[in-house]
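This report describes one protein model for a reader who has not seen it before. The sequence and structure come first, and the description follows.

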Amino acid sequence: MTRKHTPEPWMFDEATGDVVTKDDVLVHRSPGDYDARSDEELSADSRLIAASPEMLAELEEIIKGWRIVESQLRRLTPWEAERLDAAERVVAIAKAEGASE
């Protein structure tokens, strides 16, 4: 699957609070002092953002595995299973990939 986002891995930079790639490319800048949220909350948000590509990949694998189980339970042919997958796209993955809601 082709990704539109900055290539991973993404990491949380403890010093700046930013999310960066392994090559130090900025992915997300911490809002800084002007934001009313606590440093703890901002750090937690940045860590979640940094983990999102891995979470998306894991979710895609879970969905792929579920589709196999579902097709076996429903005794679908491979063609029917592919149609089902296309017809019932998981909203969270579509949203992460930039599809409209």
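Is Leu73 buried or exposed? Leu73 is exposed, with a relative accessible area of 61%; buried means under 20%, exposed over 50%, and partly exposed in between (1.4 Å probe, protein chains only).

This is a predicted model, in which local features need pLDDT of at least 70 and side-chain atom pairs count only at pLDDT 80 or more, while totals for chains, interfaces and linings use all residues. Residues are numbered from 1 along each chain as its sequence is written, and side-chain values use heavy atoms, without hydrogens and water.

Leu73 lies in helix 1. Helices (H or I, at least four residues) and strands (E, at least two) are DSSP runs numbered from the N terminus.

Three strands form an open antiparallel sheet in the order 1-2-3; strands pair if DSSP finds at least two bridges between them. The edge strands, strand 1 (10–12) and strand 3 (26–28), each pair on one side only.

The structure holds three salt bridges, each a side-chain nitrogen of Lys or Arg within 4 Å of a carboxyl oxygen of Asp or Glu.

| Pair | N to O distance |
|---|---|
| Arg47 and Glu14 | 2.5 Å |
| Asp18 and Arg29 | 3.4 Å |
| Glu61 and Lys64 | 3.2 Å |

Arg47 in helix 1 and Glu14 in the loop between strand 1 and strand 2 are 33 residues apart. Asp18 is buried at 8% relative accessibility, whereas Arg29 is exposed at 55%. Glu61 and Lys64 are three residues apart in helix 1, so about one helical turn separates them.
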